[in-house]
Amino acid sequence: MIILGEKRLVFLEMPKAASTSIARMMKRGFADEVIVRDKADRHTGIIGFRRKFEEPLSIALGGRVQTFAVVRDPLDRAWSWYRYRQRDKVRDLLVDTSRMSFERFLEDCLLRPVPAHARTGSQAQFVGFADGRAEVDFLFDFANLHQLRMFLAKRAAEGLHLPRRNASSAGAMPLLPADLSGALRNAWADDFALYEAVRAAGCLRRVT
């Protein structure tokens, strides 16, 4: 979570959705006003933000703060998690995916309880999405980050550059069996509905 104090704007950092690159861009473009929360609060979603931070921030900054986040195609995000957990740093740990196929990884995502290596988190829960509406003020599409850059550029004193940081190694996502794709779309229905809404809108704004 990154706070732009003067702008009363808070970036809620969705895991595996360019959060490292966006944070770097914000720290450069808004160097004089960026407030970075403790590492433990980095990936706080909207519910945690409302419970722990919204009121004290609004009081400290002199008005209501607005939130924004980035969402990603659920399968593309799962592919990123799968590749990220193949890095040497986690080799032979519970989250290691280096010895399994992507198909096996996705099958494990459907298990209950979900094994450690297959935990990806719900984007819909992170942004409070239900009945076609989200609790985050502005939601952007990972596949169209130009919209987000322009959104922030209007508030910055100078141009912004979005660097590539903490990205998983390149590679094309393999084709999936139709039955597995269907099972995932059913299990992750809220996440797929969220992403489609954001993709269609370009920037999905909270209805107040």
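A nonpolar core is a set of buried Ala, Val, Leu, Ile, Met, Phe, Trp, Tyr and Cys residues joined through side-chain atoms within 4.5 Å. In this predicted model, the largest such core has 44 residues. The residues with the most contacts inside that core are F68, V127, L139 and L152.

The packing of helices may be considered next. Two packed helices are described by the angle between their axes and the distance between the axes. Helix α1 (residues 19-29) packs against helix α7 (residues 145-153) at an angle of about 20 degrees, and their axes are 12 Å apart. Because angles under 35 degrees count as roughly parallel, α1 is roughly parallel to α7. The crossing of these two helices, α1 and α7, is right-handed. On the α1 side the contact involves I22, M25 and M26, which meet L145, L148, R149 and L152 of α7. By class, the contact of α1 with α7 has 6 nonpolar, no polar and 1 charged residues. L152 of α7 is also one of the residues with the most contacts inside the largest core.

A second pair is formed by helix α4 (residues 74-84) and α5, which pack at an angle of about 110 degrees with their axes 10 Å apart. The two helices, α4 and α5, are therefore roughly perpendicular to each other, and α4 passes α5 in a right-handed crossing. The contact is made by L75, A78, W79, W81 and Y82 of α4 together with F102, F105 and L106 of α5. By class, the contact of α4 with α5 has 8 nonpolar, no polar and no charged residues.

Most residues other than glycine have a negative phi, and most peptide bonds are trans. The peptide bond from R112 to P113 is cis, with omega near 0 degrees; P113 is found in the loop between α5 (102-109) and α6 (123-127). A18, in the loop between β2 (9-11) and α1, has a positive phi, near 65 degrees. D131 likewise has a positive phi, of about 55 degrees, although D131 is not a glycine. D131 is found in the loop between α6 and β5 (138-141) and is exposed, with a relative accessible area of 79%.

Methods: Residues are numbered from 1 along each chain as its sequence is written. This is a predicted model: local features need pLDDT of at least 70, side-chain atom pairs count only at pLDDT 80 or more; totals for chains, interfaces and linings use all residues. Side-chain values use heavy atoms; hydrogens and water are left out. Axes are lines fitted to C-alpha atoms, for helices over the stretch in contact, and angles run from 0 to 180 degrees between N-to-C directions. Helices (H or I, at least four residues) and strands (E, at least two) are DSSP runs, numbered from the N terminus. Angles under 35 degrees count as roughly parallel, over 145 as roughly antiparallel, 65 to 115 as roughly perpendicular and the rest as oblique. A crossing is left-handed if the near helix is turned anticlockwise from the far one by less than a right angle, and right-handed if clockwise. Contact means heavy atoms within 4.5 Å. Ala, Val, Leu, Ile, Met, Phe, Trp, Tyr, Cys and Pro count as nonpolar, Asp, Glu, Lys and Arg as charged, and the others, Gly among them, as polar. Buried means under 20% relative accessible area, exposed over 50%, partly exposed in between (1.4 Å probe, protein chains only).
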